[in-house]
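Welcome! Let's walk through this structure together, one piece at a time.

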Amino acid sequence: PGAGAATELGSLKGVRLGTWLELRGDRAPRRVKLACRGPISGAYLFVDRRGQGALELDGRELATLLRKGSATIVGHADPPPLDRAFDQLFDAGGAT
């Protein structure tokens, strides 16, 4: 990946577990929350207000939606302590 891709993916640092996004597109706007980030695939799994799987995106897709304004960060919910611990472990490069 080039420098542009690295910069675009760097915009995802504000997207952590519990982040709510508003998605706009062909349908009416909807809100989804980041419930999980795959430690191996890096996929972002979003759920709706009922906790049902609503959307799965890879980092490039999510960065593109944010850059184009098709997705907007609308808030953050504090993730449970165990989720925060796993995030810190993976962000620190502790996962192999």
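The protein chain is built from three helices and five strands. What you are looking at is a predicted model, so please read every value below as computed from that prediction. Starting at the N terminus, the elements follow one another in the order α-β-β-β-β-α-β-α.

The protein chain has 96 residues, and 25% of them are buried. Its accessible surface comes to about 6300 Å², with carbon and sulfur atoms contributing 53% of that area. If you take the contacts with a separation of 6 or more, 47% of them are between residues 24 or more positions apart.

Now find strand β1, which spans residues 19-23. How many of its five residues are buried? Four of them are, so β1 is largely enclosed by the rest of the structure; buried here means under 20% relative accessible area.

One partner of β1 is strand β2, residues 30-37. The two run antiparallel and are joined by four bridges, and together they form a hairpin with six residues between them. To trace the pairing, look for leucine 21, which stands opposite valine 32 of β2, and for leucine 23, whose bridge partner in β2 is arginine 30.

Strand β1 also pairs with β5, a strand made of residues 71-76. This pairing is antiparallel too, and it extends over five bridges. A handy landmark is threonine 19, whose bridge partner in β5 is histidine 76.

Going back to β2, you can follow the chain into strand β3, residues 44-47. Four bridges link β2 and β3, again in antiparallel fashion. Here, arginine 37 has tyrosine 44 of β3 as its bridge partner. These two strands form a hairpin with six residues between them, and in the turn glycine 42 has a positive phi of about 75°.

Our last stop is helix α2, which covers residues 59-68. Which of its residues are buried? They are Gly59, Leu62, Ala63 and Leu66. Viewed down the axis of α2, these buried residues fall within an arc of 100°, so they line one face of the helix. The N-terminal end of α2 is capped by aspartate 58, which has a side-chain oxygen 3.0 Å from the backbone nitrogen of arginine 60. Just after the helix comes glycine 69, with a positive phi of about 85°.

Notes. Residues numbered from 1 in each chain as written. Predicted model: local features only at pLDDT ≥ 70, side-chain atom pairs only at ≥ 80, totals over all residues. Heavy atoms only, no water. Buried < 20%, exposed > 50% of the residue type's maximum accessible area, 1.4 Å probe, protein only. Contact = heavy atoms within 4.5 Å. Areas by Shrake-Rupley, 256 points an atom, 1.4 Å probe, with all protein chains shown as cover. Pairing = 2+ DSSP bridges. Arc of directions from axis to C-beta. Polar contact = N/O pair within 3.5 Å; in protein donor to acceptor, adjacent residues only side chain to side chain.
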